[in-house]
Amino acid sequence: RLELRPRGGLRVEATDDLVSWSDMEGRTVYVNSRARHILGREPDELIGEDGRQQLHPDDLPACDAAFADWMSRGGQDSLTLEYRLRPADGAPRRVSARVTVARDARGQVVGVRNISRDITAVHAAREALEALTAALEAAIPAAEAGVQGLPDLLDACRAAFTSWNGSLPLAADDPVARLLDTGQRIIAALQRAAQDAGGEPDQKE
C-alpha cells in the first residue's frame, strides 16, 4: 500500500500554508499542524474525514465541478481554486489552493495533494480597495475645481490592486494600508470643505 504522506516533514510543518493529502475517496490521510490556526482543529481529528466537509457549502458546487473537469483531463499540472473554509469557530476563512495528484510507480493516480494559503486578509483588503475606489470616483464630480490629485490617487488605487502581492499580515505601513488611509482622509477633507462652504458641492455637468 502506498503511504500518502509528504516528504520533508519538518519543512511541511514549518510552512504557513495548510498542507493536506487525501486518498481517491476524498478521505484525509495527512494534514499539517497549520490546521490548528486555519481550521481551529487538531490535525489528528481530521484524519479519515472527507476533506470536502471543511468547505463552505456555497463554494462546494463550483469546486466539485472544477475538480471533476480537471480530473477528466488526467489531472495534469495543477488546479488552482479559491474558496472559503469553515473553521471550528464558525468564521469563514478564504484560501487560495493549489491541487496536484500523487501517482504510484505505474503512473496511476492514487491521491490528491492540496496546499492552501490563507488569503482572508488579502480578500478583505481587495474589497476595501474596491469600495474606496468607488467612493473616490463618486467624489470626483463633486470636488471643487481647484482640488488636485484625485485622478492620480485613483490610478494608484488600481496599480496597488493589480500589483500588490498580498503579503500577510497587512501591516500599518503597508502601501495598501497607507493608500486606504489616504483615500479616507481625502474624502473626509472634501466633506468638511463642502460643509464649510454651506452645503454639499453641486454636481458638475
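Student: Which residue does arginine 94 meet in a salt bridge?
Tutor: The partner is glutamate 82, with N and O 3.6 Å apart. A salt bridge here is a side-chain nitrogen of Lys or Arg within 4 Å of a carboxyl oxygen of Asp or Glu. The model is predicted: local features need pLDDT of at least 70, side-chain atom pairs count only at pLDDT 80 or more, and totals for chains, interfaces and linings use all residues. Residues are numbered from 1 along each chain as its sequence is written, and side-chain values use heavy atoms, leaving out hydrogens and water.

Student: Which strands hold arginine 94 and glutamate 82 in that salt bridge?
Tutor: In the salt bridge of arginine 94 with glutamate 82, arginine 94 lies in strand S4 (residues 93-103) and glutamate 82 in strand S3 (residues 79-85), so the pair ties together parts that are 12 residues apart in sequence. Strands (E, at least two residues) and helices (H or I, at least four) are DSSP runs, numbered from the N terminus.

Student: How many salt bridges does the count come to?
Tutor: The count comes to 13. One of them joins aspartate 69 and arginine 73, at 2.9 Å from N to O.

Student: Is arginine 73 buried or exposed?
Tutor: Arginine 73 is exposed, at 52% relative accessibility, whereas aspartate 69 is partly exposed at 42%. Buried means under 20% relative accessible area, exposed over 50%, and partly exposed in between (1.4 Å probe, protein chains only).

Student: Which residues are linked in a network of salt bridges?
Tutor: Asp23, Glu25 and Arg27 are linked in this way. The closest N and O atoms of arginine 27 and glutamate 25 are 3.4 Å apart. Glutamate 25 is exposed at 55% relative accessibility, and arginine 27 is partly exposed at 38%.

Student: Changing topic, what volume does the largest pocket have?
Tutor: Its volume is about 660 Å³. Of the 31 residues lining this pocket, Ser22, Gly51, Arg52, Leu55 and Asn114 are the closest to its centre. A pocket is an open set of points on a 1 Å grid over the protein atoms alone, where a 1.4 Å probe fits, with protein on both sides within 12 Å along at least five of seven lines; lining residues have an atom within 4 Å of a point. Points are joined across faces, edges and corners, and the volume is the space filled by probe spheres set on them.

Student: Where is aspartate 77 found?
Tutor: Aspartate 77 is in the loop between H4 and S3. Its phi is near 55°, a positive value in a residue other than glycine.
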